Amino acid sequence: MDTVLDVETTAEEVVAPEVPRPIFFMHIAKTAGSYLNARFIDALGKDRAMAHIEATVGNRADLKGRLDAGVRYFSGHVMYPLWRDIAGPLQSQFCKVTILRDPIAHIASHIQWLDHYNLPTFSREYRFLDEHHRRLVDQIGGIDITEVGQLDAFLSGLSGVGVRLLDNCQARYFVTAGRQSMDAIRPLTLADRFNVARAAGEFDVIAFQDDLQTGLDKLSEATGVPLVASKARVNPAVSSRKIDTANPLVRQVLSRRTLVDQWLFHHLRSRQNGDS
């Protein structure tokens, strides 16, 4: 979920709580991140909570300027190694949080999200995509994503931006900076799981989309910001085509690009549940 929809609460109407530490939310696309952004904006006000910092905070000077101006919540599609480069010594001040989603549901939702740019009503947004993203959207538009064979062929042939967006996208956020040339991007393998787990261990809270209430409770406790749940959906996928994730063969196809994500999801959930 990538765009915060209109939030009626204004900064003047919010009695903003004191925030012991500034917060960095690593917003992995299509994991209910825009919902969480809306909850923090409700709690802190728009002047103290920033979404999509990938467009506005590109270096340490930008970050320090926003901190000095009173911003306490920084959210964006910013991969963790890039965030560490940007924050530098300021990194230790931050409470770091993110949300993970069931990997099969996540990759299906991400493909469907990209597919929505093929709808005539989104032609203007399509034109604003960079060339690499337009090529990927065109590829998706040229196949029947509901047919398992065509879906398999598409995912098997990914390269460049397709690998970056659809190959173990959630785990990738923890270990790559997103600055490589498209040709240098490689698929992740289970050999990467130790680095992924090490980076994930630096986060104060990792919530799960399928249990957001528990996640909100943990986030409230860790950040000192009282977050109030809402039933409103924010930025749902609008593709006219739906990938059938209940189909066992479709799940096998999607699993091939989510093996590290699946390991991470179950590893962290087991640890939080106290399983051995």
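Which residue's side chain meets that of Asp68 in a salt bridge? The views below come from a predicted model. The first one gives the answer.

**View 1. Asp68 and Lys64 pair within helix α2.** The partner of Asp68 is Lys64, and their side chains form a salt bridge with an N to O distance of 3.0 Å. Both residues belong to helix α2, which spans residues 60-68. They sit 4 residues apart, about one turn of the helix. Asp68 is exposed, at 57% relative accessible area. Lys64 is partly exposed, at 45%.

**View 2. Arg241 and Asp115 link distant parts of the chain through a salt bridge.** Their side chains meet at 2.9 Å, N to O. The two residues are 126 residues apart. Arg241 lies in the loop between α11 (212-223) and α12 (248-255). Asp115 lies in helix α4, residues 103-115. Asp115 has a relative accessible area of 4%, so this residue counts as buried, under the 20% cut-off.

**View 3. Arg172 and Asp167 form a salt bridge between buried residues.** The closest N and O atoms of the pair are 2.8 Å apart. Arg172 is buried, and Asp167 is buried too.

**View 4. Arg257 joins Asp167 and Arg172 in a network.** Salt bridges link these three residues.

**View 5. Salt bridges across the whole structure.** The structure contains 11 of them. Among them are the Asp68 and Lys64 pair, the Arg241 and Asp115 pair, and the Arg172 and Asp167 pair. Side chains of opposite charge can pair when their charged atoms come close.

Technical notes: Residues are numbered from 1 along each chain as its sequence is written. This is a predicted model: local features need pLDDT of at least 70, side-chain atom pairs count only at pLDDT 80 or more; totals for chains, interfaces and linings use all residues. Side-chain values use heavy atoms; hydrogens and water are left out. A salt bridge is a side-chain nitrogen of Lys or Arg within 4 Å of a carboxyl oxygen of Asp or Glu. Buried means under 20% relative accessible area, exposed over 50%, partly exposed in between (1.4 Å probe, protein chains only).
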